Amino acid sequence: MCVVCFVKALVHVFKIYLTANYTYNFRGWPVDFRWDDVGAGAGGSSHCALTCTAAAAGVWLLQDAALGGGAPARPLHAARSQLQCLLQQIRELPGQLASYVLAHSLGRWLVYPGSMFLMTRALLPLLQQGQERLVERYHGRRAKLVARDGNEIDTMFMDRRQHPGSQGRGLRLVICCEGNAGFYEMGCLSAPLEAGYSVLGWNHPGFGGSTGEPFPQHDANAMDVVIKYALHRLRFPPAHVVIYGWSIGGFTATWATMTYPELGALVLDATFDDLVPLALKVMPQSWKGLVVRTVREHFNLNVAEQLCSYPGPVLLLRRTLDDVVSTSGHLRPLPSGDVEGNRGNELLLRLLQHRYPKVMASEGQAIVTRWLRAASLAQEAAFYARYHVDDDWCLALLRSYRAHFKDKQEDEEVWGPHGLAFPWLVGQDLSSRRRRQLALFLARKHLKNLEATHCSPLEPEDFQLPWRL
């Protein structure tokens, strides 16, 4: 055998060894980063705790009003009141037990099918191929992180900072939050990765090499350690970190930006405002009470509420052929152009109503709702042109409003990490025609239509950073 052939054979054997060593049981890997490797005050968020949730060793979650998170407790003075409270708890016990059983059996499999052992085993060859591709082609670095609940989180980091490209995209880190059956090995990180960004992917608890179960508290704990790893071990400035959430990954994506408001931007792709309407769509009508209770107590994915707590740039990607996050029909293929039931519509309306309440009053909300019915770029452009929206005038008005508060930049309540804090009261003195024009301008800047189904891979050119004023 010639020397060249021997070297080639040796390299081939070495690659096989590395691959086999790489895909062995992830539990045997050393820990690369723990949630408490960061000092209590180092790089912390200015976002204060919102409500205390039940998990013993968990991060803070935004509790839904339906759970009574914001309601003050009423003191019980009389023994009769205490007895009534005890009887009420006894009456609710069967419902609580039924909700718990549903959540930890059928409910978890429906909400997070990727955590099922059989699915992981069936996808194992594809996951191994995905790992090999990320390591060999993009020089990916796999790492094990430990969240504060003890779950081990499987991550993969592709660093482009040494070769950031002509537009400097590699200097930005995109943290990808996968869907309920997505894995970083074959998930949504392909679009920002091929677009030239540095990318950090991670698997939900119970997915791939990650341990635990994918309940909201565990998911938030995992997201917390991923953010800390990106900021303190990978050394990315917060302003250069972009959070990208696809489908159910919108929950952890909005939790991250709510909890760390200094992060640079948020992109939500094919996600929803709240899980309850989608759960009611697929479950029997007779189960409505149980379904609502189970979702609120165990899968409270309140994406819209968390989104409104983030003050930075946001882009919503709405897929016009998406029947997964649509409530238009009941378990049937979505007719072409039927976008009225897409829950991304409610997400946009909630966001704009929070940020620009005066613009979205009455006619503003009505015109945006009509604009959301446009199912194609041609319909969208025609509707926009019909109202003669002057983009330059809208930009000048918004910049003028922001300039009035320049002298209050030292006031943290008025001026935050992304500039003037929301809500903005711009538009209260405008005519109805001007208010409609400004509402359409803002809607078009915050939402982009894509002619694609829910699970279609996002094209690299469709991954864009949000609009900044």
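1. A residue is called buried when its relative accessible area is under 20%, exposed when over 50%, and partly exposed in between (1.4 Å probe, protein chains only). At 6% relative accessibility, Ser247 therefore counts as buried. Ser247 sits in the loop between β6 and α6, and has a positive phi of about 60 degrees although it is not a glycine.

2. Some notes on the basis of the model. This is a predicted model, in which local features need pLDDT of at least 70 and side-chain atom pairs count only at pLDDT 80 or more, while totals for chains, interfaces and linings use all residues. Residues are numbered from 1 along each chain as its sequence is written, and side-chain values use heavy atoms, with hydrogens and water left out.

3. Overall content. The chain has 14 helices and eleven strands; helices (H or I, at least four residues) and strands (E, at least two) are DSSP runs, numbered from the N terminus. Of the 469 residues in the chain, 48% are buried. A contact means heavy atoms within 4.5 Å. Among contacts between residues at least 6 apart in sequence, 75% join residues at least 24 apart.

4. The sheet. Nine strands form an open sheet with mixed pairing, in the order β1-β2-β3-β5-β4-β6-β7-β8-β11. Two strands pair if DSSP finds at least two bridges between them. Strands β1 (33-34) and β11 (447-450) stand at the edges with a single partner strand each, so one side of each is left without a neighbour in the sheet. Helix α5 (residues 216-233) packs on the sheet and touches β1, β2 (141-146), β3 (152-158), β4 (173-177), β5 (198-202) and β6. The direction of α5 makes about 150 degrees with that of β5; axes are lines fitted to C-alpha atoms, for helices over the stretch in contact, and angles run from 0 to 180 degrees between N-to-C directions.

5. Strand β6. How many bridges join β4 to β6? There are five, and the two strands run parallel. Gly245 in β6 is the bridge partner of Cys177. On β6 (residues 241-246), six of its six residues are buried. In a regular strand the side chains alternate between the two faces of the sheet. Val241, Ile243 and Gly245 point one way from β6, and Val242, Tyr244 and Trp246 point the other way.

6. From β6 to β7. Strand β6 and strand β7 (residues 265-269) run parallel and are joined by five bridges. Val242 stands opposite Ala265, and Ile243 has Leu266 as its bridge partner. With helix α6 (residues 249-259) between them in the name of the unit, β6 and β7 make a right-handed β-α-β unit. A crossover is right-handed if, with the strands pointing away from the viewer, the path from the first strand over the helix to the second runs clockwise.

7. Strand β7 and its other partner. Five of the five residues of β7 are buried. Ala265, Val267 and Asp269 point one way from β7, and Leu266 and Leu268 point the other way. Strand β7 also pairs with β8 (residues 314-319) in the parallel sense, over four bridges. Leu266 stands opposite Val314 in β8.

8. The cores. A nonpolar core is a set of buried Ala, Val, Leu, Ile, Met, Phe, Trp, Tyr and Cys residues joined through side-chain atoms within 4.5 Å. The largest one has 94 residues, and Ile175 and Val368 have the most contacts inside it. Helix α5 gives the most to this core, with nine residues. Domain 1 (26-35 + 92-310) and domain 2 (317-468) both give residues to this core, so it lies between them; the domain bounds come from an automatic or database domain assignment. Apart from this core lies another, of 25 residues, among them Tyr197, Leu315, Leu450 and Phe463.

9. Val368 lies in helix α11 (residues 363-371) and is buried, with a relative accessible area of 0%. With the same exclusion, Val368 touches Leu348, Leu349, Leu352, Met360, Ala439 and Ala443. Val368 and Ala443 are 75 residues apart in sequence, yet 6.7 Å apart in space, C-alpha to C-alpha.

10. Backbone points to check. Most residues other than glycine have a negative phi, and most peptide bonds are trans. Arg235, in the loop between α5 and β6, has a positive phi near 65 degrees. Is Arg235 buried or exposed? Arg235 is exposed, with a relative accessible area of 62%. The peptide bond from Phe422 to Pro423 is cis, with omega near 5 degrees, and Pro423 is found in the loop between β10 (419-420) and α14 (432-446).

Technical notes: Lists of a residue's contacts leave out its neighbours within four places in sequence.
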